[in-house]
Amino acid sequence: MRLVTLEDVHAAAAAIAPHVVHTPLLPFDSGLWIKPESLQPIGAFKQRGAVNALSRIPSEDRARGVVAYSSGNHAQAVAYAAKILGMPAAIVVPNNTPQIKIDATLAHGAEVFVVGITERESRAYELVEERKATLIPPFDHPDVIAGQGTIGLEICADLPDVATVLVPVSGGGLISGVAAAVKSLRPNVRVIGVEPELAGDTAASFAAGELVRWDAHDRARTVADGLRAEASELTWAHIREYVDDVVTVSEDEIRDAVRQIARRTRVVSETSGAVAVAAYLNRDLPAGPAVAIVSGGNIEPTLLASILG
């Protein structure tokens, strides 16, 4: 299986540069910087992979459009990328997707299909067959992984002495790209994945040395709605090759991290985006400067209000 290379990530950086924000590193405390991908136009890192993947679709195929399945942020990302690149988009989301993410996807001009939580992939493949469209998976695609890896390039450029990079893990596209880029540029930097305890399938896989599968309904228990997917063979191959550890955090720790991010940095984080900070606050980590990727800020206002109290 071919893994994404540093050259792939550099090519992605050039392709997406006109359409994404080079997000800053903001001080959280003396040992941690956060990288707020919530500042992207769609409010999440997913824009990077979506723009890169869509930009590589041959011109003769673009009129038939794209199809994606997502729990929310990839939906918005593909809708946004399709809009700016002039392609129709159809997005399939599970029925537990936050309404704020569905509304944002619709606002970018995409069609949205809401299905049961175990049906989103099958419905997406049906749409691909019906429309002869191009499928853009949320993480299981080398162009998506390479786009997400541009975050790693930016971290290494902006904090050359970084010692640890903390990355939220769901399907694994983000950590696959980031780890591939960081380890290629700074082999001694530790890359640590972070999951909710209630969706800790990748942590279980890492401990077992092979993919461990959890039922989708079990993974759906976590408040971190963007971290309910499971790794693919492709992302697992990257994790196994490049990632140093995968840790989990509790639901209370996730909610507290949302509060801490807001109070210390004035950044709004969704629950999924806060897990890396939760690990920094509650787990023993290697010494030296650390960066926590805050992967998105698309949180339901009522949930944010209940957390901030």
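Predicted model: local features only at pLDDT ≥ 70, side-chain atom pairs only at ≥ 80, totals over all residues.

Reply: Residues are numbered from 1 along each chain as its sequence is written, and side-chain values use heavy atoms, leaving out hydrogens and water.

Me: OK, what is the order of the strands in the open sheet?

Reply: The four strands come in the order β5-β4-β3-β6, with parallel pairing; strands are DSSP runs of E with at least two residues, helices are runs of H or I with at least four, both numbered from the N terminus, and two strands pair if DSSP finds at least two bridges between them. At the edges are β5 (111-115) and β6 (134-135), each of which pairs on one side only.

Me: And which helix packs on the sheet?

Reply: That is α5 (residues 120-131), which touches β3 (66-69), β4, β5 and β6, where contact means heavy atoms within 4.5 Å.

Me: Switching topic, is Q40 buried or exposed?

Reply: Q40 is buried, because its relative accessible area is 3%, and buried means under 20%, exposed over 50% and partly exposed in between, using a 1.4 Å probe on protein chains only. Q40 sits in the loop between β2 (32-36) and α2 (46-55).

Me: What does Q40 contact, leaving aside neighbours within four places in sequence?

Reply: With those neighbours left out, Q40 is in contact with V20, V21, T23, Q47 and R48, and its side chain reaches the backbone oxygen of V21 at 2.7 Å.

Technical notes
Axes fitted to C-alpha atoms, helices over the stretch in contact; angles between N-to-C directions. Polar contact = N/O pair within 3.5 Å; in protein donor to acceptor, adjacent residues only side chain to side chain.
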